[in-house]
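Here is a short walk through one protein model. Keep the 3D view open and follow along.

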Amino acid sequence: MSDDETSNGPLSRRAMLRTSAATAAGIGLTGLGTAQATSASPDGEDTAPARKGRSMMGVPFEAHETVRMGIIGLGNRGSAMLTQILAVPGVRVTALCDVDVPAVRRAAKGITDHGDPAPARYTRGENDFENLCAREDVDFVYVATPWEWHVPMASAAMRGGKHVGVECPIAPSIKDLWELVDTSERTRRHCIQLENCCYGRNEMRVLRMVHEEKFGTLLHGAGGYIHDLRELLFSDSYYADEWRRAWHAERDGDLYPTHGLGPVASYMDINRGDRLVRLTSMGSPAASLSEYRARNVPETDEAWHEDYVKGDVTMSLIQTERGRVIHLVHDVSSPHPYSRLNHLGGSRGVFEDYPTRIYLEPDMSGHEWGDFADYSSYDHWLWKEVDPGPGGGHGGMDYIMLYRLAQTMKLGLPPDIDVYDSATWSAPFALSAASITEGGAPMEFPDFTRGEWKTPHPGVDSVRPAS
């Protein structure tokens with residue numbers, strides 16, 4: 001085990017990002033011309049890599065009496081999620097890893113203060129996570145690090161025999177997404193996008209209503225991530241070495257698609273009877289970060305050497321195999337109240353969030369919105385039976401997600417979100433950038449299921465377990 005008192009010290013994540021992001025951008029852009037960004041070439045020849053293992057669709061976890069978890073990354077997100085993880089019954093954190101030694105020390109104290117045994121600590125430089133992934137007392141690895149580290153860490157976890165859950169987005173390029181799919185299939189380990197927004201109370205209620213056919217034939221949906229992060233992006237303490245802002249100087253596209261796409265994809269049973277087939281994207285001018293910097297950042301700051309290429313607003317249209325349309329939006333740099341859009345329309349009515357409202361026939365007529373609270377009977381069983389209070393976090397969705405993950409592992413059930421969902425939901429990161437580079441040209445989605453997208457299998461709208 002590594003000794004956190006003999007660490008080489010924090011590395012410059014900003015310096016690492018400049019190399020890693022440039023490489024990822026090359027994979028995501030120059031390696032993603034119109035032909036190469038697609039799951040099929042222009043002449044229709046399938047270009048998906050040959051399957052190297054077996055499908056992970058519907059594959060259950062092995063049952064665990066206690067879920068032993070290792071955490072890689074203890075910044076703002078990782079440390080906040082540790083509190084939630086400790087509140088989940090039957091979960092024990094056995095190992096921690098971060099280059100920030102004090103962060104690991106604080107997290108370890110939180111674990112022992114909770115009454116659990118002291119975890120192993122890994123702090124000896126950027127590759128010490130590989131030692132955590134090799135431990136025998138870890139069943140599941142949680143990755144909450146800068147985006148460029150997601151793929152090497154998730155891959156190391158699976159190669160080490162661990163299931164892995166990764167914060168959003170799971171990978172920045174199509175090549176990386178195929179690597180995760182192939183590694184999952186080859187190692188028989190699950191690789192999961194930890195998309196908490198799929199577990200929100202409103203999202204799960206709408207999902208139940210969809211499956212009860214309250215919306216009739218589904219026609220269109222919308223999702224997004226509209227969150228003014230300007231102050232945090234320029235903070236010298238929130239994102240270590242300001243790694244997230246550096247992406248705005250490297251990539252013009254939807255850098256955070258899964259919060260918006262995950263719930264809508266669940267509504268539309270993507271990879272369970274429908275699939276995403278093409279995307280086209282456009283970006284607005286990149287103005288707000290530069291203007292914010294001019295008003296709030298001293299000219300001596302390193303940020304003044306950055307040239308932002310990420311448009312303030314990225315808008316994408318996605319079409320599914322069944323002809324449905326999804327509107328996807330990303331905006332974290334212009335003034336706007338928080339919103340994830342979360343919109344769904346069908347032949348019998350429409351739901352909208354931010355503000356929450358609904359219109360359904362025959363329940364309503366005319367032009368007056370109805371009260372979504374009147375449909376609380378459609379709440380998912382998780383929200384009826386599980387108290388999200390012990391963990392809280394984003395209105396309770398964080399805890400509900402972790403509770404359900406632990407439940408599937410303890411009972412030996414398939415995960416609600418598999419590697420094919422995870423890859424599909426993150427694909428707009430690369431595809432939107434390629435589309436913008438090509439003047440809004442359509443980019444075809446890879447079929448990460450390799451033709452199995454019609455296969456029914458468990459999803460977020462889970463059945464209540466008997467035990």
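Two strands count as paired if DSSP finds at least two bridges between them. With that in hand, turn to the sheet of this predicted model. The sheet is open and has 6 strands. Their order is β3-β2-β1-β4-β5-β6, and the pairing is parallel. Strands of a sheet pair through backbone hydrogen bonds, either parallel or antiparallel.

Look at the edges next. β3 (120-122) and β6 stand there. Each has a single partner strand, so one side of each is left without a neighbour in the sheet. Neighbouring strands of this sheet are also turned against each other, by 25 degrees on average with direction ignored.

Zoom in on one pair. Strand β2 covers residues 91-97 and runs parallel to β3. The two are joined by 3 bridges. Find Ala95, and its bridge partner in β3 is Ala120.

Helix α13 lies across β1, β2, β4, β5 and β6. α13 runs at about 135 degrees to β1.

α13 and β6 come up again at a cavity. The whole structure holds 5 cavities of 30 Å³ or more. Which elements give two or more residues to its lining? They are β6 (191-193) and α13 (397-411). α13 gives the most, with 4 residues. Among the lining residues are Ile192, Gln193, Tyr199, Met401, Arg404 and Asp416. By class, the lining has 7 nonpolar, 2 polar and 3 charged residues.

Helix α14 spans residues 419-426, and helix α15 spans residues 428-437. They pack at an angle of about 30 degrees, with their axes 6 Å apart. Angles under 35 degrees count as roughly parallel, so α14 is roughly parallel to α15. Which residues make the contact? α14 brings Thr424, Trp425 and Ser426. α15 brings Pro428, Phe429 and Ala430. By class, this contact has 4 nonpolar and 2 polar residues, and no charged ones.

Note on methods. Residues numbered from 1 in each chain as written. Predicted model: local features only at pLDDT ≥ 70, side-chain atom pairs only at ≥ 80, totals over all residues. Heavy atoms only, no water. 1 Å grid on protein atoms, 1.4 Å probe; cavity = no way out; pocket = protein on both sides within 12 Å on 5 of 7 lines; lining within 4 Å. Points joined across faces, edges and corners; volume = space filled by probe spheres on them. Nonpolar A, V, L, I, M, F, W, Y, C, P; charged D, E, K, R; others polar. Axes fitted to C-alpha atoms, helices over the stretch in contact; angles between N-to-C directions. Contact = heavy atoms within 4.5 Å. Parallel < 35°, antiparallel > 145°, perpendicular 65-115°, else oblique.
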